[in-house]
Amino acid sequence: MAVNLVNTKISTQVLNFQPGGSPASFEVTVVNESNQFASFQLEIIAAGGSESLGSNWYTITPAVSAKNPPGDSTKFAVTIINTPVAGFIGKMNLIVRIFSLELRDEDRQLLRLIVEAGVGAVPMQVELPIREFTTQPQGLIEIPVRVFNPSQLPATVSLKPIGLKLQWFINGDEKLLPVAPGTKTETSFLCQLPIAEEVPSRSYPFTIEATYTNGLPSSSREGIINVNPAGLIDFQCTPEKQHIPASRPWLPQLRVNSATYQLECQNHSNLTQKLSIEVKEDSEGKRKCFWEVQPEFIELNPGESNNLQLLVSKRRRWLGFQQKLAFKIKAIVSDTRVNINNENQYLQLIIHPILHPCLQMGLGILLLYILWFLSWLNPNNPFFGHRRAVTFVQFNGVGDRAVSSSQDQSIIRWNLAGFTNPLVNQDNGRMAKNIGKSVRVVRYKPVDNDVVAAGLENGEIQIWDVLGGTKKPEVTFLYDKADRVLGLEFSQDSHFLFSGHGSGLVLQWDINSALLNDEVTLKEPIKTINVNFPVYSLALAGQDKQNLVIVGRYNNLDIWNFSQNKLWKVPYSPPGSQNDYIVSVDSAEYKPSLLATADNMGQITLWNMQQCLIKNNSQCQVLDKWSDGHSGKAVRSVALSRDGCYLVSGGDDNRVMLWPLTTKGKRASVVGQLIRSERQRFNSVDIKVVKNQILIISGNDDRRVRLDIRDLNKNIGCKQ
């Protein structure tokens, strides 16, 4: 007969339990009938019990007894907290199983359980089939939830996750779920994680809580979401190219020897990072500059941004060209589980010399200019150029040379190439210097251009050799020492020279005979005429070039046919008083009937002299006239091009103007082209068309002789 090593006694054989009421309990006494130490455990088995409840419908204290010596006993307290069968009312048998692992023996006792109708709700039983999730930012998670209703009544339960942010749930963070008695119902929560900056990499514990809608007992289950490292670190340097100095490198900024790069770091990951940088100069051998990183490192939480500063210093040279340095900047982070965007940056540093190359060039040019200014190449050098106001300028016939006169008692010939090339001597020779009186007018001899006639304040007319740069000492015209020479004009064949004087006399000299006979002083002209007004300018007009146009005070305009010795006046509008002067007159060589005049009231007039010269009368045709070309101020000089297609003027408004003309001798446009504007008035201008260029020479009160060049194709005159 087998010996029972486990002896069990139950405190009651019948037990009443009412779900929702107080728990029902009983005691189990176990006696060790063996001859060794042993521990004991209990298990309650209900007939038809629910698998979903498992052992959750009762509690046993203690769960395992201590090892008892032979003959000793242990008491277990058993409490029924829920019905073994969901929704059951009535009697059922419970089997109390007592066993010992050491004795490998067990005992079973029978207990009658009477389940009465419940008096209230029984807590829902919540299960999480998956309790742990692993994902990355912006990942989608489905959290399944299973609910069991162990009560005898149908119920509606509210499921709500606790511990996670509401914004993470796609379909809300609460669900109402009807559950029938003794049944299970499943649902799920969809969870969308935000971007990496908003969800740091760590574990996020949460609880799914089930609550009756009427607020009766609740139950819950815990879960956890593990967020893996994700995102990146954005590393950017601005700007990638720096200059020393940063701005206005053409200024000699002596104390500027450094440049600062802003190293911007943005943490777009879900990890806290400590970031520093490594600098390598892209050069071989010795380090070419000094650099410093401030601060040494920065700490960035997810979503944060901050800057490091790279300060690069380099002593600048005074002269030379700019230096170029290159750097490689590498970002280093404390946690390498995320990537770095633009981990390596390549920076450039351009170091300008203290004296910018342009400034060096400028200083070099200035030095050359100073040397040039003090040399014989400078026309304004007080030792070579004019020292007082320029009174008259004229081109030679070819257009490669010019001559000028001045109040400083000098005459200078000019090489026009020197005005555009500073290495070419402009001043080809001072033909006259300190000759006794101010020179009012100079004129090239038309044939050969080898002689220049100069009219002086003392009434003398001196003849100068252009090629030799010396005066013809044997030839001087002098009629009256007190009668200043204001105008000169050669005849077309260069046989005669006409002079106009302040007394009103106009004299005709036989210059050809004087040059051939080497006469020392010629006092008697071959013809004399008195127009009874101070003469300011002379010009030949007409096809036969036998008519001399004489202009001067009282706005007088006379014509002298010197071959027939006839003199007549041409009406001028407006007629003048003693303070009014026609100060300049000129004709076109290839259109000798076209005449231009200018007066001290600012009026420029274009004339057709053809009819009045043929008939020897005063019916000269006015083609065009205007007074607004020089702002109503005196026009001191006008000159026509040989073809009569261009007119140039200069006056008291300190400007030189160019006027393209039509084939009929009128202005092509009512607005002239500004050629030059200075601070002092212009006394004389001349114009010459050479190839595709319009050459304009001018002289004014600031002692300067200037040459301006314009493109002929952009200033087309003689349009219909």
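1. Domain separation. In this predicted model, 75 Å separates the C-alpha centres of domain 1 and domain 3. The domain assignment places domain 1 at residues 6–113 and domain 2 at 125–227. Domain 3 is given in two segments, 231–249 and 257–351.

2. Largest nonpolar core. This core holds 31 residues. Those with the most contacts inside it are Ile-411, Val-442, Ile-461, Ile-463, Phe-477 and Leu-497. Two or more residues come from each of the strands β30 (427–432), β31 (439–444), β32 (451–456), β33 (460–465), β35 and β37, and from the helix α2 (511–517). The top contributor is β32, which supplies five residues. As a general point, nonpolar side chains in soluble globular proteins tend to be buried together.

3. Surroundings of Val-442. Leaving aside residues up to four places away in sequence, Val-442 touches Phe-392, Gln-394, Val-403, Ser-404, Ser-405, Ile-411, Val-452, Ala-453 and Ala-454. Of these contacts, Ile-411 is also listed among the core residues with the most contacts inside the core.

4. Second core. A separate nonpolar core comprises 29 residues, among them Cys-237, Trp-291, Val-338 and Leu-349.

5. Four-stranded sheet. The strands β35, β36, β37 and β38 form an open sheet in the order β35-β36-β37-β38, with antiparallel pairing. At its edges are β35 (485–490) and β38 (527–530), and each of these pairs on one side only. With direction ignored, neighbouring strands of the sheet are turned by 15° against each other on average.

6. Pairing of β37 and β38. Strand β37, residues 505–510, runs antiparallel to β38 and is joined to it by four bridges. Within β38, Ile-529 is the residue opposite Val-506.

7. Three-stranded sheet. Another open sheet has the order β51-β52-β53, and its pairing is antiparallel. Because β51 (682–690) and β53 (705–711) stand at the edges with a single partner strand each, one side of each is left without a neighbour in the sheet. From one strand to the next, the twist averages 20°.

8. Pairing of β51 and β52. Eight bridges connect β51 with strand β52, residues 693–700, in the antiparallel sense. Among the paired residues, Ile-687 has Ile-696 in β52 as its bridge partner.

Terms used: Residues are numbered from 1 along each chain as its sequence is written. This is a predicted model: local features need pLDDT of at least 70, side-chain atom pairs count only at pLDDT 80 or more; totals for chains, interfaces and linings use all residues. Side-chain values use heavy atoms; hydrogens and water are left out. Domain bounds come from an automatic or database domain assignment. Two strands pair if DSSP finds at least two bridges between them. Axes are lines fitted to C-alpha atoms, for helices over the stretch in contact, and angles run from 0 to 180 degrees between N-to-C directions. A nonpolar core is a set of buried Ala, Val, Leu, Ile, Met, Phe, Trp, Tyr and Cys residues joined through side-chain atoms within 4.5 Å. Buried means under 20% relative accessible area, exposed over 50%, partly exposed in between (1.4 Å probe, protein chains only). Contact means heavy atoms within 4.5 Å.
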